Amino acid sequence: MKTHTLQIQGMGSDHCILVVSNIVKGLDGTRLDSIEVGRATITLDENKISTQSLKAAIEKAGYIVKN
């Protein structure tokens, strides 16, 4: 398990927090530790999901992810 704090550009409201939360919670091998506008701390089981796959899922929703 590895914890990542991601900077997420394009989040501007509580709705964006809900969208990103649902994406992360829907991925096998992820745990959402905290989230706020522009930032999320997520723990990954790297045997189930890669950091790149997590970023791709969030970016598919129209956000830009940096860590």
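View 1. T5 has T41 as its bridge partner in β3. The model is predicted, so local features need pLDDT of at least 70 and side-chain atom pairs count only at pLDDT 80 or more, while totals for chains, interfaces and linings use all residues. Residues are numbered from 1 along each chain as its sequence is written, and side-chain values use heavy atoms, with hydrogens and water left out. Strands β1 and β3 run antiparallel and are joined by six bridges; two strands count as paired if DSSP finds at least two bridges between them. β1 also pairs with β4, again in the antiparallel sense, through three bridges. In that pairing, Q9 stands opposite I64 of β4.

**View 2. The nonpolar core around I8 and I58.** Which residues touch the most other members of the largest nonpolar core? They are I8 and I58, in a core of 16 residues. Each of β1, α1, β3 and α2 supplies at least two residues of this core. The largest share comes from α1, with five residues. A nonpolar core is a set of buried Ala, Val, Leu, Ile, Met, Phe, Trp, Tyr and Cys residues joined through side-chain atoms within 4.5 Å. Buried means under 20% relative accessible area, exposed means over 50%, and partly exposed lies in between (1.4 Å probe, protein chains only). Beyond its neighbours within four places in sequence, I8 is in contact with V20, G38, R39, A40, I58, Y63 and I64; contact means heavy atoms within 4.5 Å. In soluble globular proteins, nonpolar side chains tend to be buried together.

View 3. Along α2 (residues 51-60), the residues T51, L54, K55 and I58 are buried. These four lie on the same side of α2, because they cover an arc of only 95° around the axis; the arc is taken from the directions from the helix axis to the C-beta atoms. An α-helix has 3.6 residues a turn, so residues three or four places apart point the same way. The cover over the buried residues of α2 includes β1 (2-9), α1 (14-25), β3 (39-44) and β4 (64-66). On the face turned away from the buried side sit the exposed residues Q52 and K60. Just after α2 comes G62, with a positive phi of about 105°.

**View 4. T30 in strand β2.** Is T30 buried or exposed? T30, in β2 (residues 30-36), counts as buried because its relative accessibility is 18%. A polar atom of the T30 side chain lies 2.5 Å from the backbone oxygen of V24. The backbone oxygen of L27 is 2.9 Å from a polar atom of that T30 side chain. Not counting residues up to four places away in sequence, T30 touches V24, K25, I42, T43, L44 and I49. T30 and T43 are 13 residues apart in sequence, with their C-alpha atoms 5.8 Å apart.

**View 5. The salt bridge between R31 and D33.** How many salt bridges does a search of the whole structure find? The search finds one, and R31 forms a salt bridge with D33, with the closest N and O atoms 2.7 Å apart. The term stands for a side-chain nitrogen of Lys or Arg within 4 Å of a carboxyl oxygen of Asp or Glu. R31 is partly exposed at 45% relative accessibility, and D33 is partly exposed at 35%. Side chains of opposite charge can pair when their charged atoms come close.

**View 6. I35 and its contacts.** I35 lies in β2 and counts as partly exposed, at 24% relative accessibility. Leaving aside neighbours within four places in sequence, I35 is in contact with M11, I17, V20, S21 and A40. The C-alpha atoms of I35 and M11 are 11 Å apart, although 24 residues separate the two along the chain.

How values were computed: A polar contact is a pair of N or O atoms within 3.5 Å; within protein, one must be able to donate a hydrogen and the other to accept it, and residues adjacent in sequence count only if both atoms are side-chain atoms.
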